[in-house]
Amino acid sequence: MSRAAPPGRLIAVLLLGLSLAAVPSAAHAADTTVTVDLAATGKTPTGAGAGFLYGLSQDGSAPADNLLQPLRPTLFRGGGARIAGHGWIGDGYAAGSGYRVRIDSAVAQARRVTAAPHNATYHLLVSDVWGADTEQPANTVYPCDNGDCTNWRSFITRLVGDVRASGVRVRYDIWNEPDGTGFWPRGVNSAQYYQMWDTAVTEIRRLDPSAVIVGPSYSGYNHGWLDAWVARTKADGTLPNVLNWHFGNDPLADAADAQAVLAARGVAQLPLTIDEYLFAQQQQPGYLAWFLDRLAASGVSAAAHAIWSDCCTAGTLDSVLWNGQPTGQWWVYRAYAQMTGNLVGANGSGPIGVAATIDRTAGRAVALLGNQTGQTGTTTVAFSGVPSWLVTNGRARVTVQRIVNQSPLSGPAVVSSGDVTVSGGALSVAVPMTSGSDAYTVTLGTPLDGGTTGGPTIVDANGPDFSYGANWGVTTGVPDMYAGTANWSFVAGATATFRFTGTQAALHAVRDVDQGRMTVAVDGGAASTVDNYAPARNASGVVWTSPVLANGPHTLTIVNTGQRNPASTGTNIALDRADVTTAAVSTFDGTDGRFSYGANWGLTTGVPDMFNGTANWSFTAGATATFTFTGTGVALHAVRDTDQQIMALSVDGGAESLMDNYAPVRNASGVAWTSPGLAAGTHTLRIRVTGTKNPASSGWNVALDSADVTP
């Protein structure tokens with residue numbers, strides 16, 4: 001457990017609405033270039049950094065799956081610290097109620113997270129169950145005081161027996177930060193410490209020969225301590241299965257040094273873990289992303305986000321959640337979870353870290369940018385080895401998102417999105433890092449989910465969403481136009497179309513002394529005439545903006561009229577790009593509190609082809625559920641399969657619509673029903689199980705998945 005900051009420090013900062021400080025206070029503007037070689041594919045990402053110390057509620061039920069599962073967590077660590085009763089020592093060094101409540105909490109947490117869909121590892125902090133959580137009394141008798149390890153051995157025997165009886169698999173992290181007086185006041189690497197350690201290891205392995213033991217869990221990476229510890233535990237025959245430490249300045253450098261220590265001592269390489277990382281002042285998106293970037297290259301197999309507030313059963317993932325809502329750090333972990341496929345060659349520069357992956361199945365390559373010092377300025381990401389499947393007509397779709405240091409945060413802001421020319425398998429993307437405490441992602445291909453309308457989607461006029469009839473040309477290498485391209489025509493009647501999905505489009509075109517007039521129309525409606533003449537050149541300004549439209553697909557038609565302003569010297573039309581604004585659709589799992597279920601509904605978890613793995617279901621005619629939302633529309637996702645029946649849906653007490661959920665082939669999470677357009681405001685969707693079915697259906701089930709709400 002972390003030691004330095006008082007428990008309320010992070011909360012106080014957030015309540016004031018302030019951003020957490022980057023590690024150094026002196027950020028500066030500088031331009032940096034980092035490189036990503038998409039052809040240099042390596043290992044499958046392990047999600048090493050997606051771990052949490054004391055991140056769960058006491059019984060392990062919180063946070064809910066819709067907040068936990070998207071992060072694909074790999075490691076949890078706990079042992080009931082700070083739960084009333086003070087553990088084994090609070091019971092007079094015996095197994096009473098204080099011990100029982102802590103071991104029950106740890107087992108409940110481990111039971112949830114080690115099972116599907118998480119399949120994570122749980123490090124049981126043995127010293128927490130014993131009671132060494134910094135709240136132990138001054139007269140505490142520590143393990144092996146005066147050379148007597150009898151009671152300590154009895155505790156280990158009881159602990160391992162209870163864990164084995166539970167049927168849950170854990171890894172035993174024997175003592176937290178034995179160099180810190182708050183947890184172990186008997187001296188770092190002292191003779192008594194080794195007595196305690198050797199006794200625990202010997203007893204655990206006697207009772208469970210397959211047990212995995214983790215240690216030494218020092219409070220920070222220290223070469224001298226670790227070297228002496230490896231030498232001694234090797235000699236005693238009590239080396240752990242996993243070598244572990246906390247914090248450190250750089251996981252890549254620390255892991256390399258730890259591997260060198262093992263090699264020098266003639267010990268076969270062990271898995272490496274970091275059971276706490278990020279000091280209080282480092283807990284912001286930029287630094288978190290930097291640490292995850294360094295972890296990706298380090299060989300560390302798992303690491304847990306440290307806790308500096310909300311200890312120890314708040315269920316906030318170590319304050320990665322704020323009042324039950326995602327923070328900027330949560331969105332960094334979400335982006336990290338979407339870095340699938342294979343790691344690729346990536347090299348940061350100075351304080352800017354980068355890790356990257358490529359995944360053809362997901363249709364994307366992702367680069368995550370982190371920041372160690374709070375540096376601002378422009379970071380250019382130079383991609384090479386861009387594969388052909390990410391390229392259309394010589395261009396790749398590139399999306400830049402900014403994960404703001406904010407709590408709560410509804411989602412990353414889309415800084416830019418558009419098509420960029422690929423030349424020789426290479427392209428470069430300039431990322432304006434306006435805040436050194438923010439993280440950034442650059443995605444080629446399918447964007448990451450979770451983006452908000454922090455900025456419009458930018459679509460180059462030379463991209464596939466624009467199409468051109470006869471008498472249009474394209475010029476490249478134009479320095480004052482987006483992506484350096486201009487699509488142009490001098491000919492009256494020449495027509496271009498732009499297809500987009502959203503609520504509004506703004507068209508950018510050249511305004512200059514030789515430009516003519518064009519008409520612009522949306523969805524076949526009345527055309528507006530736009531005069532592109534200007535006495536001074538503006539190559540990429542907005543010349544026309546649509547009205548606000550219904551959220552959905554639209555077509556913009558641009559026609560060269562062949563006419564011009566009397567002051568113009570020509571009739572040219574030159575298109576630059578379009579900015580598209582899209583309403584951010586919010587998705588709510590069927591277990592979200594906005595859903596309410598009457599009698600005769602059940603819940604199944606761990607369903608792999610459903611949103612967040614959950615299904616709310618009923619076989620009973622007349623069973624009802626409601627979904628209350630604020631917006632202008634809702635789309636309900638439900639199972640369609642060979643055993644499903646017919647459901648009835650209504651909004652705000654209106655007429656019901658029937659939806660037959662029978663389908664010859666299973667679709668567990670598709671949209672089953674969409675509401676008509678609604679007035680902005682709060683609405684209630686009612687779902688009723690009708691007790692009727694398609695004759696082809698073999699069953700009577702209705703199974704709800706999730707709902708999409710349009711604001």
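Ser97 lies in helix H4, which spans residues 97–114. Helices here are DSSP runs of H or I with at least four residues, strands are E runs of at least two, and both are numbered from the N terminus. Ser97 is exposed, at a relative accessible area of 60%. Exposed means over 50% relative accessible area, buried means under 20%, and partly exposed falls in between (1.4 Å probe, protein chains only). Gly87 is ten residues from Ser97 along the chain, and the two C-alpha atoms are separated by 7.9 Å.

The model is predicted; local features need pLDDT of at least 70, side-chain atom pairs count only at pLDDT 80 or more, and totals for chains, interfaces and linings use all residues. Residues are numbered from 1 along each chain as its sequence is written, and side-chain values use heavy atoms, with hydrogens and water left out.

Ile307 sits in a loop. The loop runs between strand S9 (302–305) and strand S10 (321–322). Ile307 is buried, with a relative accessible area of 4%. Trp601 lies 294 residues from Ile307 along the chain, and their C-alpha atoms are 37 Å apart.

Two disulfides are counted. A disulfide is taken as a pair of cysteine sulfur atoms within 2.5 Å. One joins Cys144 to Cys149, with an S to S distance of 2.0 Å. This link of Cys144 and Cys149 is right-handed, with 125° about the S-S bond. Cys144 and Cys149 are both buried. Cys311 and Cys312 form a disulfide with their sulfur atoms 1.5 Å apart. Cys311 is partly exposed, at a relative accessible area of 32%. Cys312, by contrast, is buried at 5%. Counting bonded cysteines along the chain, the disulfides follow the pattern 1-2, 3-4.

Helix packing was examined next. Helix H6 (residues 150–166) packs with helix H7 (residues 191–207) at an angle of about 35°, and their axes are 9 Å apart. Axes are lines fitted to C-alpha atoms, for helices over the stretch in contact; angles run from 0 to 180 degrees between N-to-C directions. The crossing of H6 and H7 is right-handed. A crossing is right-handed if the near helix is turned clockwise from the far one by less than a right angle, and left-handed if anticlockwise. On H6, the contact is made by Trp152, Arg153, Ile156, Thr157, Val160 and Arg164. On H7, Met196, Thr199, Ala200, Glu203, Ile204, Arg206 and Leu207 contribute. Contact means heavy atoms within 4.5 Å. The H6 and H7 contact has seven nonpolar, two polar and four charged residues. Ala, Val, Leu, Ile, Met, Phe, Trp, Tyr, Cys and Pro count as nonpolar, Asp, Glu, Lys and Arg as charged, and the others, Gly among them, as polar.

Helix H10 (residues 285–296) packs with helix H11 (residues 328–337) at an angle of about 30°, with axes 9 Å apart. H10 and H11 are therefore roughly parallel. Roughly parallel covers angles under 35 degrees; over 145 is roughly antiparallel, 65 to 115 roughly perpendicular, and the rest oblique. The H10 and H11 crossing is right-handed. Pro285, Leu288, Ala289 and Leu292 of H10 meet Gly328, Gln329, Val332, Tyr333 and Tyr336 of H11. This contact of H10 with H11 holds seven nonpolar residues, two polar and no charged. Ten of the ten residues of H11 are buried, so H11 is largely enclosed by the rest of the structure. Among the buried residues of H11 are Trp330, Trp331 and Arg334.
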